[in-house]
Amino acid sequence: MTPSAPPDTRATALPLLGSPREVATHCPYCALQCGMTLRETPEGRVEVAARDFPTNRGGLCQKGWTSAELLDHPERLTTPLIKGQPATWDEAYDYIVDGIRRVQETHGRDAVAVFGGGGLTNEKAYALGKFARVALRTANIDYNGRFCMSSAAAAGNRAFGIDRGLPFPMADIAEADTLLLIGANVAETMPPFARYLTGQRQRGGTQIVVDPRATPTARAATLHLQPTPGTDLALALGLLHIVVAEGLTDQAYLAERTTGWDAVRKTVAAYWPARVELLTGVPVADLEATARALASADRAIILTARGAEQHAKGVDTVTAFINLALALGLPGRPGSGYGCLTGQGNGQGGREHGQKADQLPGYRKIDDPAARAHVAGVWGVDPDSLPGPGLSAYELLDALGQPGGPKAMLVFGSNPVVSAPRAARITERLRSLDLLIVCDFVLSETAAIADVVLPVAQWAEEDGTMTNLEGRVLRRRALRKPPPGTGTDLAVMAELASRLGRTGDGRSVAGGEQSGGFSAEPRAVFEELRRATAGGVADYAGVTWERVDAENGVFWPCPAADRAGTPRLFEEGFPTPDGRARLTAVEHRPVAEEIDAEYPLYLTTGRVLAQYQSGAQTRRIAALPGGPFVELHPDLAERLDIDDGDTVRVVSRRGEMIAPARLVTTIRPDTLFAPFHYSGMGRANSLTGDALDPISRMPEFKVCAVRIEPVTP
Amino acid sequence: MNHGNTARHGSALPPAERPRTSPHHVIVIGYGMAGARLATELSAASGIEVTVLGAEPHRAYNRILLSSVLAGKHGETDITLTEAAGHGVKTRTGVTVTGVDRAARTVTLDGGEQLNYDHLVLATGSQAIVPPIPGLEQPHPRVATFRTLADCRRILDAAQGARTALVLGGGLLGLEAARGLAGRGLAVEVVHGVGHLMERQLDPGASAVLVRTLAGHGVAVHLASSATGVSADDNGVTLRLNDRNLRADLLVLACGVRAETGLARAAGLRVERGIVIDRHLATSDRRISAIGDCAQFGEVVGGLVAPAWEQAKVLAARLTGADPDAVYVPSSPVTRLKASGIDLAAMGSLQPDAACEDVSFADPARGTYARLVIRDDRLTGAVMLGDNPSVGQVIQLFDRKGVVPRDRRALLLGRSLGGAEAPVATTTPALMPDNATVCQCNTVTKGALVRCWRSGARSLDDVVAKTRATTGCGSCKDAVDGIVGWLSTSDSVGVS
């Protein structure tokens, strides 16, 4: 590649459906990764059709239907920007490389940071981790999945020795006799998933939803538990208390397949129903009904999502629900188990391949000498040259521009100005950098404050793989080439590595394979990813693009090309040293910021149907309705003299937001809700706090203390 | 032994003010719920050595659950509390403290061993009261109090092969014991000296409903009946009342508890009905604290777990220095009757004054009774018996002094928070407004479906393909089907 030319991004896809202008691919948004067909009309317009894939079964929500509108959007970036001014790729690369060199010479290698995203393909997530460790040689790489999946991931690893969101195919969910959903509003966040819930109810199944709001998902359930924000952990401990009290534990399972039960049993003795009722506000009778419905079912499934996980005690909350599942003998039992509902498009694959601060590809640990040796071998570098663990996402963002903190950062597939907690402070930190580089296809709020913006391809213009919420590896296929002037994330990494002169030295490694280098070709990157993950927990060694095509996706782990994937985990044992699942005793604790006289209300943040994550994509699609709002109960509104539609100001210790009030009876009178998709004065994350989970470093997005007041015109 | 003033002057600095030069030794007397909780709270701290001395021979257990053991729901091992383990925490069970020397700062054990303390915590709990009724002077296997795990075992032993039981005392514990024994198949009679049950928590109306509910579970209640004598023999127990005699296979005494203050009294600490403490949990000797059932704060003597645990938390914060200024602020307790088939919550005062609102609902036939006393939009008292879906909300509003809903019926009746809209599918297509959203996932209104039909779509598949209705969660399929059916049979909406 000549330095001055835009990166070569020729698509390598072999269109499946006969026509050169039609490809079978998946939706660009959430972790459900609905199958869809893209067609390019003779006029050059791209049409979306739902595809009958085993996950979405022909369904799509309005986000998916309208996803192609962003391809030819007028706000699409088609030229690099330096300080907001159009520039050539060559100028942009020169600027970036000079800046990186200068920062690293002055402040050391770790002064350049990388921030990735859970929407990046497996190939990109893998390449980004390698780019940080080999080309930049920085310890400081983390990603927005820390704000998404990290609590469930840490709890899953702790209990099962593995973190795959769903350890069973989604189809099992529709077959469950009892389904407990905690902090999951799939009817809005992944509507086609709700088909499984509808099916489960129609079969006569019991469906219990735990949510401080009566969401569409909760309203459709057979029983809705509406706890005080931040008390899911107490709820889980209370349910397990009742299970123990009524003799409903699976003693044989606990004895044969788990460790740690004795300590858990003693801990939950202190969570008798009346105590939990006082903590959560959930009536004893409902707690008992829930425990009994789970225990009496042949097939019972417990699922958590962000509502339970995005807390400073998210790991322990998930652990408490896993303990409940284990006490009932669910994980590994056919049709039963515990799972978490992954959020971002590649939230699963994105957390497996090394863009996490403490991780190497294949879900390996960066401080494990054997893991370092294996991956360094694939990369063609000396294991000792690999940096150690770096800062986690919030800590990384918070350190930017600070003494000893990074002075430059490259952002791929993320928009932390909107999505990070305590966002005003994080924006300030981003602005304080000597050099901020953002790869995006629109001018996101983060791109808007960057020194250099590199315009990159969208999902319909690139090939690669995604791993959905079931751990099923899927193919993303290019329908067309990226528009002239744009590059790809992979090409950007390859070019920067080359210009920095750090591509891995390509020396011969064990096994005689020639390694090293950065490819802009997703297929070549995937082949390298297979080798890098071989033998790891998330083993992709046996996954090929051809198998993915032929088998409607392949479930990892899949260690060899001649071995089947693994749709269901834990049937034989758990991937822990002794093959048993580990129960860990956990205690309830209060929220990081309790309400008081000055800030007397809880604020919880979340998602709405028509928007996705920071909204950088969906807010630009005219057909998708919406704007910021604040939900509150009419009782509260009446006391504060707020009418539906009034402009209100919500204030926390960290900032404020202004948006129209929406009066709903579906929320607790002591709680406000605001979606986090919006920017400017409508940015909910201006309010959220930066208390972090001690294990996962997940910020407490789901609850903070605020007050609300009308804005007088 | 000098109990004099030495312990009261300058040498007895509060722990937080004491320089940390050597490990600080805290002795906790009592390994019940308060003592165990304190030990757990202290176990995380460094620089503190803790010795817990328990008189009962077994590990600390959750006394709250004894009625579940009686009812056969919990096994004994299921109620064991987490051991207060941690570096520096030593637990000794089966030892009795015979004396405290405040001058020497030592405690003496029954074997004569002496232990030094820097700070002493009395968590000695309480004892069941045996009422002064003729015939109860001597223990008998068919007569038991209901307080400890040992009591529980005695009752269960006596209940073996028994068919009838008497319970003296219609307070919370008596009723839980009665319901538990009834659940084991015994016919149970409760004798209560006052005119209504749980008179400190309930009003007569709630009591009347509760009596009815209990009867449905095999528990008969005799109110305003004083016991004048007991005679127990190998075949049973006779309880003499003022107007008649009752006979059964066993008798459970549930006549309240008395704070265990013997050690404190002997050590010269200030004792009234309990060991008197201040908001720092200090007794009259600042090197000695008391928490839980043995302690008296203001006029209130302990007896409930929640305040005991709050006291343990505050004391731990002071002793570890985590929050040297922590003070104990009592909260108003919520009484919850835990018994199969009986759902009762009572809190605060049911004696409204002129400034209070008093709202209630009673449906005795269905065992439901709810009463709220409200002052300045806050609950000052409530009782909820039977099926009250808002009970969790009422309890939290009381506990947190939250503002009650403007419409009080929201709390008295049903789920005040729900308010789910009627599903679209239940509405007749003709009556549905055009702007009603039929398919939420794709924001398709009835009007959009009608327009689609009028522009030529003639089947469900056509309408779905053009509007994308039903392609999300699929739950609107019946509604869309219904609208398309209505459009296809209705002349008025056809293409003109």
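Colleague: What should I know before reading it?

Modeller: This is a predicted model: local features need pLDDT of at least 70, side-chain atom pairs count only at pLDDT 80 or more, and totals for chains, interfaces and linings use all residues. Residues are numbered from 1 along each chain as its sequence is written, and chains are lettered from A and ligands numbered from 1 in the order in which they are written.

Colleague: How many helices and strands in chain B?

Modeller: Chain B has 12 helices and 28 strands. Those are DSSP runs numbered from the N terminus, with helices being H or I of at least four residues and strands E of at least two.

Colleague: And what share of chain B is buried?

Modeller: Of its 496 residues, 47% are buried. Buried means 20 or more other C-beta atoms within 10 Å of the residue's own, exposed means 12 or fewer, and partly exposed is in between; the C-beta atoms are placed from the backbone.

Colleague: OK, sheets. What is the strand order in the parallel one?

Modeller: It is an open sheet of five strands in chain B, ordered β9-β16-β10-β11-β12. Strands pair if DSSP finds at least two bridges between them.

Colleague: Which strands are at the edges?

Modeller: β9 and β12 (219-222) of chain B. Each has a single partner strand, so one side of each has no neighbour in the sheet. Neighbouring strands are turned by 20° against each other on average, direction ignored. Axes here are lines fitted to C-alpha atoms, for helices over the stretch in contact, and angles run from 0 to 180 degrees between N-to-C directions.

Colleague: Tell me about β16(B). Which way do its side chains point?

Modeller: β16(B) covers residues 250-253. B:Leu250 and B:Val252 point one way, B:Leu251 and B:Leu253 the other, and all are buried. In general, side chains in a regular strand alternate between the two faces of the sheet.

Colleague: What does β16(B) pair with?

Modeller: β9(B), residues 143-145, pairs with β16(B) in the parallel sense over three bridges. B:Val143 stands opposite B:Leu251, and B:Leu166 has B:Leu251 as its bridge partner.

Colleague: Which helix lies across β9, β10 and β16 of chain B?

Modeller: α3(B), residues 149-159. It runs at about 150° to β9(B).

Colleague: And the antiparallel sheet?

Modeller: That is an open sheet of three strands in chain B, in the order β13-β14-β15. β13 (227-233) and β15 (245-248) are at the edges, each with a single partner strand, so one side of each lacks a neighbour in the sheet. Neighbouring strands are turned by 15° on average, direction ignored. Four bridges join β14(B), residues 236-241, to β15(B). One pairing there is B:Thr238 with B:Arg247.

Colleague: Switching to helices. How do α10(B) and α12(B) cross?

Modeller: Their axes come within 11 Å and cross at roughly 45°. The pair is therefore oblique: angles under 35 degrees count as roughly parallel, over 145 as roughly antiparallel, 65 to 115 as roughly perpendicular, and the rest as oblique.

Colleague: Which residues meet there?

Modeller: B:Lys446, B:Leu449, B:Val450 and B:Trp453 from α10(B) meet B:Val480, B:Ile483 and B:Leu487 from α12(B). By class, that is six nonpolar, no polar and one charged. Ala, Val, Leu, Ile, Met, Phe, Trp, Tyr, Cys and Pro count as nonpolar, Asp, Glu, Lys and Arg as charged, and the others, Gly among them, as polar.

Colleague: Over in chain A, how many residues of α12(A) are buried?

Modeller: Eight of its eight, spanning residues 273-280. They pack against α9 and α13 of chain A, together with β22 and α8 of chain B. A:Gly281 follows α12(A), with a positive phi near 80°.

Colleague: Last one, the interface. How many residues of each chain are in contact?

Modeller: 40 residues of chain B contact 46 of chain A. On the chain B side, β22 (334-339) and α8 (391-400) are the elements giving two or more residues. α8(B) gives the most, with six residues.

Technical notes
Contact = placed C-beta atoms within 7 Å.
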